[in-house]
There are 2 protein chains.
Amino acid sequence: MLTERQLEIFQTIIDEFVKSARPIGSKIISEKENISVSPATIRNVMADLEEMGYLKKTHSSSGRIPSEKGYRFYVDHLVTPVMTDISNVQVIRHLVEDGFYEFERVVEMSAEILSDLTNYTTIILGPEVFNTRLKQIQIVKLTSRTAIAILVTNTGLVEHRTFIIPEKINSTDIEKLVNILNERLTGIPMIQLSEKLDEEVLALIKDNINMFENMLFHLKDVLKNESEHSAKLYFGGKANLFNQPEFNDVEKIHSFYLMMEQEEEIANLLKRTENTLQVTIGRENDYEPIQDFTLVTAPYRLGHEYMGTIALIGPTRMQYRRAITLLKALSNEMTEAFYHLYQDHYFK
Amino acid sequence: MLTERQLEIFQTIIDEFVKSARPIGSKIISEKENISVSPATIRNVMADLEEMGYLKKTHSSSGRIPSEKGYRFYVDHLVTPVMTDISNVQVIRHLVEDGFYEFERVVEMSAEILSDLTNYTTIILGPEVFNTRLKQIQIVKLTSRTAIAILVTNTGLVEHRTFIIPEKINSTDIEKLVNILNERLTGIPMIQLSEKLDEEVLALIKDNINMFENMLFHLKDVLKNESEHSAKLYFGGKANLFNQPEFNDVEKIHSFYLMMEQEEEIANLLKRTENTLQVTIGRENDYEPIQDFTLVTAPYRLGHEYMGTIALIGPTRMQYRRAITLLKALSNEMTEAFYHLYQDHYFK
DNA sequence: AATTAGCACTCAAGAGCAATGAGTGCTAAC
DNA sequence: GTTAGCACTCATTGCTCTTGAGTGCTAATT
């Protein structure tokens, strides 16, 4: 375990490095008010901390910077969840109270707010399909050959897809079909839709009106795709990382943006089953393109049920306390907001 | 007017500079096969071209690069629309034939394809609201206090918004309302919806069921917002500009990305009323943040009616011929595709 | 009269080098 | 155990020099 003094110096190095992004030398530390030992002593301590793997040098005579192990230690032991001012985040709550009833809007605003407050990039993973249920299905005939299937989930998400219909079908027929579909499929988890379509509806309809068969075939495609369709991502402050000194290299920024385009991969990163806030630092990330970054994730819920993930991505030299505090606060706010939005649905 | 030889040399400088991004000297030009005069002569010609404003130097003893006036001349007089191979672009046509019936998908694919082919950034402006009409409206009750209004346009766009409903209202009432709305509002241009709601529907309903009044109030808000809601933008290849040597500078990339976040402004840039392909080079752009870029825009249509704009943005050192050819081809393809998608609607 | 060879000149870019200074580790004194 | 002192390291900066690709101008050539 670390001594009191080691902790103090370590903490100072973290703080200073996070601020300045430059290696911290013994002199700078010795000038801090709460430090009362000489630079030489500090050098000894720093050598110890380096030996333990918490600090490293950029070259043989440079000051020290935290290693990833150092950040890990910091996050695990020194980031006390001091509840700083989170009133900024509580805007979300008011948004919902003031008539922002749209799930997507709330999420977009949240991403915006969080990235503005932290200066990092926010990523929000929308509700997983397998956690939502069909609220209602509608089919709108668009042209003589195409119609749009509109699926509304219990979380207020609206998905739609255009598909082929037989030429001869008319609006009344479609209405009949929609009624049957709603009767049979409402409340079914989205992910099971296509399966249930076969089980419940197909047989039923075949007897009645057989030109539906072809249509259902296409509709099934729609439902299947919809359920495979991975959850949506929302971003905020993608350009924030330009402000971080570690990203004043074109190559790094380029790879960051390319990485952010891999939505599949990112979605997978955020699909963490854990239900608490998590911090992964640099190489701790399995996904190679973000091994220069720190990813902080937290779930948000509908009631007690996991709904999606909200994440911050930034340099490993991160304001961990601030980021963690705000992310935690925001995930609570979102949980709160969605509870208000969908409470009666939830309890139903 | 320019002499034959001046044209030839000018053309060579453009070609070479577009390729290499470096100032072009007389020696390089003299080594070209189609050039048979000495470097000294070329220098004289270049001095003339510079005097006329078509070329400029980066410093007193550098080679020449095209000026914006030079590019303008090139685009106006030297870019002959040689129909190069546009089979790449015709993928779009097949997409639609193969069952990509989604407007949004077609647009997204188009943006992707065009940016891949050109290595610039594609921006597509979706259909203007004032050019679309209501196909159908649906209201789905979500919770006891909220419902989702879903608007489908004749172009297959689906817009939705959650709004407040009175607690006491039930599904049957909503159904009644929806029927009335559809009866009265179908076919109305989206932009007139909120107005027509007052004229046609409000009075009608007030007599019947007066608790609708409050609901309609909120619904009107929805419709109003929806019509003010500026047309959607689709992007492709935002990261392509990293490959351009002029964007080797973090500052430039940063400002590019910040610029791309100003969707309002960009949408306005693309809302050009002109109905042909247009090229604006550098300072010709009124919008200051893109005065380092060239913007190429072309409209796409539904039948003969303007529907939206497809644009390429890249450095002024652009492969104009290629960009123009491909953009033209793609806008035709999209027009074609939408004709197929919505033809019977269009002729109705 | 138009073209070109020749030449002096310009300037960006890069290599080499010394000076600076912020940092270190180690040793010996406190 | 702490710290003063000192030799040492190395990234950074600024300076000068060289290089080479380019120019414009003048005089010779066609």
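A: Helices (H or I, at least four residues) and strands (E, at least two) are DSSP runs, numbered from the N terminus. Residues are numbered from 1 along each chain as its sequence is written, while chains are lettered from A and ligands numbered from 1 in the order in which they are written. This is a predicted model, in which local features need pLDDT of at least 70 and side-chain atom pairs count only at pLDDT 80 or more, whereas totals for chains, interfaces and linings use all residues.

Q: Where does Ala21(B) lie in chain B?
A: Ala21(B) comes after helix 1 of chain B and has a positive phi. It lies in the loop between helix 1 and helix 2 of chain B.

Q: What is the phi of Ala21(B)?
A: Most residues other than glycine have a negative phi. Ala21(B) is a residue other than glycine, yet its phi has a positive value, near 65°.

Q: Why does Ala21(B) count as partly exposed?
A: A residue is buried if 20 or more other C-beta atoms, placed from the backbone, lie within 10 Å of its own, exposed if 12 or fewer do, and partly exposed in between. Ala21(B) counts as partly exposed because its C-beta neighbours inside 10 Å number 14.

Q: In which loop is Asn119(B) found, and what is its phi?
A: Asn119(B) is found in the loop between helix 6 (103–118) and strand 3 (121–125) of chain B. Although Asn119(B) is not a glycine, its phi is positive, at about 70°.

Q: What span does helix 1 of chain B reach from its first C-alpha to its last?
A: The expected span of a helix is 1.5 Å times one less than its number of residues. Helix 1 (residues 4–20) of chain B has 17 residues, and close to the expected 24 Å is the span that it reaches, 24 Å.

Q: Which elements do the buried residues of helix 1 of chain B pack against?
A: The buried residues of this helix are Ile9(B), Phe10(B), Ile13(B), Ile14(B) and Glu16(B). Contact between two residues is counted here when their C-beta atoms, placed from the backbone, lie within 7 Å. On that basis, the buried residues of helix 1 of chain B pack against helix 2, helix 3, strand 1 (55–57), strand 2 (64–66) and helix 4 of chain B.

Q: Within what arc do the buried residues of helix 4 of chain B fall?
A: In helix 4 (residues 68–78) of chain B, the residues Gly70(B), Tyr71(B), Phe73(B) and Tyr74(B) are buried. The arc is that of the directions from the helix axis to the C-beta atoms. Seen down the axis of helix 4 of chain B, the buried residues line one face of the helix, because they fall within an arc of 160°.

Q: What separates the C-alpha atoms of Leu78(B) and Gln11(B)?
A: Leu78(B) has its place in helix 4 of chain B and is partly exposed, with 13 other C-beta atoms within 10 Å. Leu78(B) and Gln11(B) are 67 residues apart along the chain, and their C-alpha atoms are separated by 7.9 Å.

Q: Which element gives the most to the surface near DNA strand D?
A: A residue is near a molecule or strand if its C-beta atom, placed from the backbone, lies within 6 Å of it. DNA strand D is surrounded by 20 residues, and among the closest are Val37(A), Ser38(A) and Gly25(B). With four residues, the element that gives the most to this surface is helix 3 of chain B.

Q: Which element supplies the largest share of the surface near DNA strand C?
A: Around DNA strand C there are 20 residues, the closest including Gly25(A), Val37(B) and Thr41(B). The largest share of this surface, four residues, comes from helix 3 of chain A.

Q: By what kind of axis are the two copies related?
A: Copies are superposed by least squares on the C-alpha atoms of residues with pLDDT of at least 70 in both. A rotation of 180° with 0.0 Å of shift along its axis superposes chain B on chain A, with an RMSD of 0.1 Å. The two copies are therefore related as by a two-fold rotation axis.
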